[in-house]
Amino acid sequence: MNVKIHINWYLQQFTNGQMVVETVGQDVGECLENLEVQFPGIKEELCVGQGELDGPYQIYIKSTNLYTTRLDKPVKENDELAIQFIGGGG
Amino acid sequence: MLTQSDLTRYGRQILYPGFGQEGQEKLKCSHVIVAGLGGLGTPASIYLACAGTGHITLVDCDRVELSNLNRQILHWEEDIGEKKPFSAARKLAKLNPSIKITPLFERITEDNVRDIIGGANVVIDGMDNFETRFVLNSACVTEKIPFIHGGIYGLFGEVTTIIPGKTPCFSCIFPAAPEKKGTFPVFGVTPALIAILQVTEVIKLLANLGNLLTNKMLYINGEKMEFSIANLTKRPECKVCGASKLQ
(Lines give C-alpha, C1' and ligand atoms only; values in the text may rest on other atoms or scores of the structure.)
Protein backbone atom coordinates (compact mmCIF):
# COMPACT_ATOMS: atom_id res chain seq x y z
CA MET A 1 0.00 0.00 0.00
CA ASN A 2 1.20 3.50 -0.80
CA VAL A 3 0.80 5.87 2.14
CA LYS A 4 1.73 9.41 3.02
CA ILE A 5 3.26 10.12 6.40
CA HIS A 6 3.09 13.55 7.99
CA ILE A 7 6.32 14.04 9.88
CA ASN A 8 6.31 16.06 13.08
CA TRP A 9 8.72 18.93 13.55
CA TYR A 10 11.14 16.93 15.69
CA LEU A 11 11.58 14.09 13.20
CA GLN A 12 12.05 16.41 10.24
CA GLN A 13 15.76 16.41 11.14
CA PHE A 14 15.80 12.89 9.65
CA THR A 15 13.76 13.73 6.53
CA ASN A 16 15.82 16.70 5.40
CA GLY A 17 13.06 19.00 6.52
CA GLN A 18 10.33 17.24 4.55
CA MET A 19 7.00 17.54 6.32
CA VAL A 20 5.26 14.85 4.29
CA VAL A 21 6.95 11.75 2.89
CA GLU A 22 5.64 8.78 0.95
CA THR A 23 6.35 5.15 1.70
CA VAL A 24 4.81 1.70 1.36
CA GLY A 25 3.71 -1.09 3.69
CA GLN A 26 0.90 -3.43 4.65
CA ASP A 27 0.68 -2.18 8.21
CA VAL A 28 2.02 0.68 10.31
CA GLY A 29 5.05 -1.26 11.47
CA GLU A 30 6.04 -2.12 7.91
CA CYS A 31 5.62 1.49 6.90
CA LEU A 32 8.02 2.46 9.69
CA GLU A 33 10.50 -0.19 8.52
CA ASN A 34 10.45 1.28 5.03
CA LEU A 35 10.67 4.78 6.40
CA GLU A 36 13.90 3.74 8.11
CA VAL A 37 15.30 2.54 4.75
CA GLN A 38 14.51 5.92 3.21
CA PHE A 39 15.60 7.99 6.20
CA PRO A 40 18.17 6.11 8.29
CA GLY A 41 18.00 6.79 12.01
CA ILE A 42 14.34 7.71 12.15
CA LYS A 43 13.20 4.38 13.55
CA GLU A 44 15.85 4.42 16.25
CA GLU A 45 14.44 7.76 17.36
CA LEU A 46 10.86 6.55 17.18
CA CYS A 47 11.15 3.15 18.79
CA VAL A 48 12.51 1.45 21.87
CA GLY A 49 12.83 -2.12 23.09
CA GLN A 50 11.48 -4.67 20.63
CA GLY A 51 10.28 -1.99 18.25
CA GLU A 52 7.52 -0.39 20.31
CA LEU A 53 6.94 3.32 19.85
CA ASP A 54 8.66 5.40 22.48
CA GLY A 55 6.36 7.27 24.86
CA PRO A 56 6.44 10.75 23.33
CA TYR A 57 5.35 9.56 19.90
CA GLN A 58 1.87 8.87 18.65
CA ILE A 59 0.71 7.66 15.28
CA TYR A 60 -2.58 8.64 13.74
CA ILE A 61 -4.25 7.18 10.71
CA LYS A 62 -6.56 9.62 9.02
CA SER A 63 -6.48 11.65 12.23
CA THR A 64 -7.73 8.84 14.44
CA ASN A 65 -5.41 7.81 17.23
CA LEU A 66 -3.73 4.48 16.68
CA TYR A 67 -2.35 3.44 20.04
CA THR A 68 1.22 2.47 20.36
CA THR A 69 0.50 -1.19 21.00
CA ARG A 70 -1.00 -1.60 17.57
CA LEU A 71 1.78 -1.19 15.06
CA ASP A 72 0.25 -4.21 13.31
CA LYS A 73 -2.72 -2.08 12.33
CA PRO A 74 -3.24 -2.55 8.58
CA VAL A 75 -3.12 0.46 6.31
CA LYS A 76 -5.09 1.05 3.14
CA GLU A 77 -4.00 2.38 -0.20
CA ASN A 78 -3.47 6.16 -0.02
CA ASP A 79 -3.92 6.28 3.76
CA GLU A 80 -2.39 9.29 5.44
CA LEU A 81 -0.50 8.70 8.66
CA ALA A 82 0.74 11.33 11.06
CA ILE A 83 3.47 10.96 13.65
CA GLN A 84 3.04 13.36 16.55
CA PHE A 85 5.51 14.23 19.26
CA ILE A 86 4.17 14.85 22.75
CA GLY A 87 5.77 17.48 24.92
CA GLY A 88 6.07 15.97 28.37
CA GLY A 89 7.29 19.17 29.94
CA GLY A 90 5.45 21.62 32.11
CA MET B 1 -24.09 33.59 46.76
CA LEU B 2 -22.27 36.36 44.94
CA THR B 3 -21.44 39.53 46.83
CA GLN B 4 -21.65 43.04 45.42
CA SER B 5 -17.87 42.97 45.15
CA ASP B 6 -18.07 39.71 43.16
CA LEU B 7 -20.61 41.24 40.78
CA THR B 8 -18.27 44.13 40.15
CA ARG B 9 -15.02 42.13 39.99
CA TYR B 10 -16.39 39.48 37.65
CA GLY B 11 -18.90 41.70 35.89
CA ARG B 12 -17.31 41.44 32.46
CA GLN B 13 -17.39 37.64 32.42
CA ILE B 14 -20.84 37.54 34.00
CA LEU B 15 -21.99 39.44 30.90
CA TYR B 16 -21.04 36.46 28.72
CA PRO B 17 -24.15 34.73 27.33
CA GLY B 18 -24.66 31.34 28.89
CA PHE B 19 -22.36 32.10 31.81
CA GLY B 20 -23.96 34.86 33.86
CA GLN B 21 -24.27 34.94 37.63
CA GLU B 22 -25.08 31.24 37.68
CA GLY B 23 -21.76 30.39 36.03
CA GLN B 24 -19.91 32.69 38.40
CA GLU B 25 -21.54 31.06 41.38
CA LYS B 26 -20.46 27.66 40.09
CA LEU B 27 -16.87 28.90 39.84
CA LYS B 28 -17.09 30.35 43.32
CA CYS B 29 -18.24 27.00 44.71
CA SER B 30 -15.51 25.04 42.91
CA HIS B 31 -12.27 23.51 44.09
CA VAL B 32 -9.49 23.16 41.52
CA ILE B 33 -6.18 21.40 42.08
CA VAL B 34 -3.16 22.80 40.27
CA ALA B 35 -0.68 19.94 40.26
CA GLY B 36 2.73 21.45 39.60
CA LEU B 37 3.63 25.12 39.91
CA GLY B 38 6.00 25.48 37.03
CA GLY B 39 5.53 26.87 33.54
CA LEU B 40 2.00 25.48 33.24
CA GLY B 41 0.82 25.72 36.82
CA THR B 42 1.75 29.33 37.53
CA PRO B 43 -0.13 30.96 34.64
CA ALA B 44 -2.98 28.52 35.13
CA SER B 45 -3.35 29.47 38.78
CA ILE B 46 -3.27 33.19 37.95
CA TYR B 47 -6.21 32.86 35.57
CA LEU B 48 -8.10 30.56 37.92
CA ALA B 49 -7.70 33.16 40.65
CA CYS B 50 -8.67 36.05 38.41
CA ALA B 51 -11.76 34.17 37.24
CA GLY B 52 -12.95 33.71 40.82
CA THR B 53 -12.39 30.00 41.37
CA GLY B 54 -13.50 29.63 44.97
CA HIS B 55 -10.78 27.29 46.19
CA ILE B 56 -7.44 26.56 44.52
CA THR B 57 -5.01 24.00 45.91
CA LEU B 58 -1.43 24.49 44.76
CA VAL B 59 0.79 21.40 44.88
CA ASP B 60 4.51 21.17 44.21
CA CYS B 61 7.52 19.69 45.96
CA ASP B 62 10.21 21.97 44.54
CA ARG B 63 11.77 25.23 45.55
CA VAL B 64 12.20 28.21 43.23
CA GLU B 65 15.42 28.28 41.19
CA LEU B 66 16.89 30.96 38.94
CA SER B 67 16.45 28.73 35.89
CA ASN B 68 12.67 28.68 36.50
CA LEU B 69 12.21 32.38 36.01
CA ASN B 70 11.90 32.47 32.20
CA ARG B 71 8.50 30.83 32.43
CA GLN B 72 7.22 30.32 35.98
CA ILE B 73 5.74 33.75 36.24
CA LEU B 74 4.48 33.65 39.82
CA HIS B 75 8.02 33.07 41.08
CA TRP B 76 10.35 36.04 41.14
CA GLU B 77 14.04 36.54 41.84
CA GLU B 78 13.32 37.40 45.47
CA ASP B 79 11.65 33.98 45.85
CA ILE B 80 14.68 31.86 44.94
CA GLY B 81 14.93 29.08 47.49
CA GLU B 82 11.31 29.39 48.61
CA LYS B 83 8.82 26.54 48.39
CA LYS B 84 6.90 27.02 45.16
CA PRO B 85 3.38 26.58 46.56
CA PHE B 86 3.99 29.33 49.12
CA SER B 87 5.69 31.62 46.64
CA ALA B 88 2.67 31.28 44.35
CA ALA B 89 0.04 31.46 47.08
CA ARG B 90 1.42 34.73 48.42
CA LYS B 91 0.99 36.52 45.09
CA LEU B 92 -2.37 34.93 44.32
CA ALA B 93 -3.70 36.06 47.69
CA LYS B 94 -2.85 39.62 46.73
CA LEU B 95 -4.30 39.20 43.26
CA ASN B 96 -7.63 37.97 44.59
CA PRO B 97 -8.08 38.02 48.38
CA SER B 98 -11.66 36.79 48.09
CA ILE B 99 -10.76 33.22 47.18
CA LYS B 100 -9.30 30.39 49.24
CA ILE B 101 -5.80 29.21 48.37
CA THR B 102 -4.24 26.10 49.88
CA PRO B 103 -0.50 25.63 49.28
CA LEU B 104 0.80 22.07 49.63
CA PHE B 105 4.54 21.48 49.60
CA GLU B 106 4.35 17.78 48.82
CA ARG B 107 5.49 15.28 46.25
CA ILE B 108 2.45 13.64 44.68
CA THR B 109 2.67 9.88 45.16
CA GLU B 110 0.36 6.89 44.99
CA ASP B 111 0.13 7.07 48.79
CA ASN B 112 -1.08 10.65 49.10
CA VAL B 113 -2.69 11.48 45.77
CA ARG B 114 -6.25 10.61 46.75
CA ASP B 115 -5.99 12.70 49.90
CA ILE B 116 -4.74 15.63 47.82
CA ILE B 117 -7.33 15.56 45.05
CA GLY B 118 -10.28 14.01 46.91
CA GLY B 119 -13.39 16.19 46.69
CA ALA B 120 -11.97 18.50 44.04
CA ASN B 121 -13.95 19.39 40.93
CA VAL B 122 -11.04 19.44 38.49
CA VAL B 123 -7.31 18.72 38.42
CA ILE B 124 -5.01 20.73 36.16
CA ASP B 125 -1.96 18.87 34.92
CA GLY B 126 0.99 21.17 35.44
CA MET B 127 3.50 18.37 35.83
CA ASP B 128 6.83 18.11 34.08
CA ASN B 129 7.06 14.32 34.06
CA PHE B 130 4.99 11.37 32.93
CA GLU B 131 5.33 9.34 36.12
CA THR B 132 3.39 11.79 38.28
CA ARG B 133 0.86 12.30 35.51
CA PHE B 134 0.18 8.55 35.60
CA VAL B 135 -0.35 8.73 39.37
CA LEU B 136 -2.71 11.71 39.05
CA ASN B 137 -4.58 10.17 36.14
CA SER B 138 -5.17 6.93 37.96
CA ALA B 139 -6.51 8.75 41.02
CA CYS B 140 -8.67 11.03 38.87
CA VAL B 141 -10.19 7.98 37.17
CA THR B 142 -10.87 6.35 40.54
CA GLU B 143 -12.33 9.53 42.04
CA LYS B 144 -14.09 10.45 38.76
CA ILE B 145 -12.47 13.89 38.68
CA PRO B 146 -11.81 15.58 35.31
CA PHE B 147 -8.12 15.93 34.49
CA ILE B 148 -6.98 18.64 32.09
CA HIS B 149 -3.75 17.50 30.48
CA GLY B 150 -1.21 19.93 29.10
CA GLY B 151 2.34 19.32 27.98
CA ILE B 152 5.02 21.34 26.26
CA TYR B 153 8.39 21.12 24.55
CA GLY B 154 10.11 24.18 23.18
CA LEU B 155 7.51 26.00 21.09
CA PHE B 156 5.23 22.97 20.89
CA GLY B 157 2.49 21.74 23.13
CA GLU B 158 -0.71 19.80 23.51
CA VAL B 159 -3.94 19.88 25.49
CA THR B 160 -6.80 17.48 26.07
CA THR B 161 -9.63 17.25 28.57
CA ILE B 162 -10.06 13.89 30.25
CA ILE B 163 -13.43 13.03 31.76
CA PRO B 164 -13.25 9.67 33.55
CA GLY B 165 -15.66 7.15 32.09
CA LYS B 166 -16.41 9.31 29.05
CA THR B 167 -13.10 9.95 27.34
CA PRO B 168 -9.79 8.16 26.97
CA CYS B 169 -7.75 8.59 30.14
CA PHE B 170 -4.13 9.70 30.16
CA SER B 171 -2.95 6.09 30.21
CA CYS B 172 -5.12 5.26 27.19
CA ILE B 173 -3.35 7.99 25.27
CA PHE B 174 0.11 7.35 26.69
CA PRO B 175 0.55 3.69 27.64
CA ALA B 176 4.15 4.21 28.74
CA ALA B 177 6.49 6.97 29.80
CA PRO B 178 9.18 7.98 27.32
CA GLU B 179 12.43 6.12 27.73
CA LYS B 180 14.46 8.94 26.25
CA LYS B 181 14.66 11.71 28.82
CA GLY B 182 16.59 14.83 29.52
CA THR B 183 16.22 18.53 30.14
CA PHE B 184 13.74 19.89 27.65
CA PRO B 185 13.92 23.31 26.01
CA VAL B 186 11.09 25.75 26.66
CA PHE B 187 10.12 29.33 25.99
CA GLY B 188 7.87 30.86 28.63
CA VAL B 189 5.16 31.64 26.12
CA THR B 190 4.54 27.99 25.32
CA PRO B 191 3.37 26.78 28.74
CA ALA B 192 1.54 30.09 29.17
CA LEU B 193 -0.45 29.42 26.01
CA ILE B 194 -1.19 25.83 26.98
CA ALA B 195 -2.09 26.79 30.57
CA ILE B 196 -4.58 29.39 29.40
CA LEU B 197 -6.24 26.78 27.21
CA GLN B 198 -6.37 24.43 30.21
CA VAL B 199 -8.06 27.11 32.32
CA THR B 200 -10.48 27.86 29.49
CA GLU B 201 -11.47 24.21 29.64
CA VAL B 202 -11.84 24.38 33.44
CA ILE B 203 -14.12 27.41 33.29
CA LYS B 204 -16.32 25.85 30.58
CA LEU B 205 -16.43 22.54 32.43
CA LEU B 206 -17.40 24.09 35.75
CA ALA B 207 -19.96 26.44 34.21
CA ASN B 208 -21.30 23.85 31.76
CA LEU B 209 -20.52 26.15 28.87
CA GLY B 210 -19.70 25.41 25.24
CA ASN B 211 -17.84 22.35 23.97
CA LEU B 212 -14.89 20.75 25.70
CA LEU B 213 -11.71 19.42 24.18
CA THR B 214 -12.79 15.87 24.95
CA ASN B 215 -11.84 12.86 22.83
CA LYS B 216 -9.47 15.18 20.99
CA MET B 217 -5.88 16.26 21.32
CA LEU B 218 -5.09 19.83 20.34
CA TYR B 219 -1.52 20.11 19.09
CA ILE B 220 0.12 23.51 18.91
CA ASN B 221 3.12 24.20 16.74
CA GLY B 222 4.30 27.62 17.82
CA GLU B 223 7.17 27.58 15.37
CA LYS B 224 4.82 27.54 12.40
CA MET B 225 1.83 28.88 14.36
CA GLU B 226 -0.26 25.88 13.39
CA PHE B 227 -3.01 24.39 15.52
CA SER B 228 -4.29 20.89 14.73
CA ILE B 229 -6.72 18.49 16.34
CA ALA B 230 -6.57 14.69 16.30
CA ASN B 231 -9.37 12.43 17.47
CA LEU B 232 -8.75 10.12 20.41
CA THR B 233 -10.54 6.91 21.30
CA LYS B 234 -10.51 4.85 24.48
CA ARG B 235 -8.14 1.93 24.62
CA PRO B 236 -10.10 -1.12 25.78
CA GLU B 237 -7.03 -2.81 27.21
CA CYS B 238 -6.04 0.30 29.23
CA LYS B 239 -4.85 -0.79 32.68
CA VAL B 240 -6.41 2.26 34.34
CA CYS B 241 -9.80 2.74 32.73
CA GLY B 242 -10.19 -0.24 30.40
CA ALA B 243 -13.40 -2.25 30.27
CA SER B 244 -12.48 -4.45 33.22
CA LYS B 245 -11.66 -1.50 35.48
CA LEU B 246 -14.77 0.66 35.32
CA GLN B 247 -17.46 -1.98 35.61
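Visitor: Which residues touch the most other members of the largest nonpolar core?
Guide: In this predicted model, V34(B), A35(B), L58(B), V122(B), V123(B), I124(B) and V202(B) do, out of 90 residues in that core.

Visitor: And which element gives the core its largest share?
Guide: Helix α9(B), with eleven residues.

Visitor: Take V34(B). What is it in contact with, leaving aside its neighbours within four places in sequence?
Guide: The contacts of V34(B) include I56(B), T57(B), L58(B) and V59(B). G41(B), A44(B), S45(B), I124(B) and G126(B) are also on the list.

Visitor: Back to α9(B). How does α3(B) cross it?
Guide: The axes of α3 (residues 20-28) and α9 (residues 189-207) of chain B come within 8 Å and cross at roughly 110 degrees. Angles of 65 to 115 degrees count as roughly perpendicular, so α3(B) is roughly perpendicular to α9(B).

Visitor: Which residues meet there?
Guide: G23(B), K26(B) and L27(B) from α3(B) meet I203(B), L206(B) and A207(B) from α9(B). By type, the residues of this contact are four nonpolar, one polar and one charged.

Visitor: Zooming out, how many helices and strands are in chain B?
Guide: Nine helices and eight strands.

Visitor: New topic. How many residues of chain A are in contact with chain B?
Guide: 18 residues of chain A, in contact with 34 residues of chain B. The chain A side divides into six nonpolar, eleven polar and one charged.

Methods. Residues are numbered from 1 along each chain as its sequence is written. Chains are lettered from A and ligands numbered from 1 in the order in which they are written. This is a predicted model: local features need pLDDT of at least 70, side-chain atom pairs count only at pLDDT 80 or more; totals for chains, interfaces and linings use all residues. Axes are lines fitted to C-alpha atoms, for helices over the stretch in contact, and angles run from 0 to 180 degrees between N-to-C directions. Helices (H or I, at least four residues) and strands (E, at least two) are DSSP runs, numbered from the N terminus. Angles under 35 degrees count as roughly parallel, over 145 as roughly antiparallel, 65 to 115 as roughly perpendicular and the rest as oblique. Two residues are in contact if their C-beta atoms, placed from the backbone, lie within 7 Å. Ala, Val, Leu, Ile, Met, Phe, Trp, Tyr, Cys and Pro count as nonpolar, Asp, Glu, Lys and Arg as charged, and the others, Gly among them, as polar. A nonpolar core is a set of buried Ala, Val, Leu, Ile, Met, Phe, Trp, Tyr and Cys residues joined through C-beta atoms within 7 Å. A residue is buried if 20 or more other C-beta atoms lie within 10 Å of its own, exposed if 12 or fewer, and partly exposed in between; C-beta atoms are placed from the backbone.
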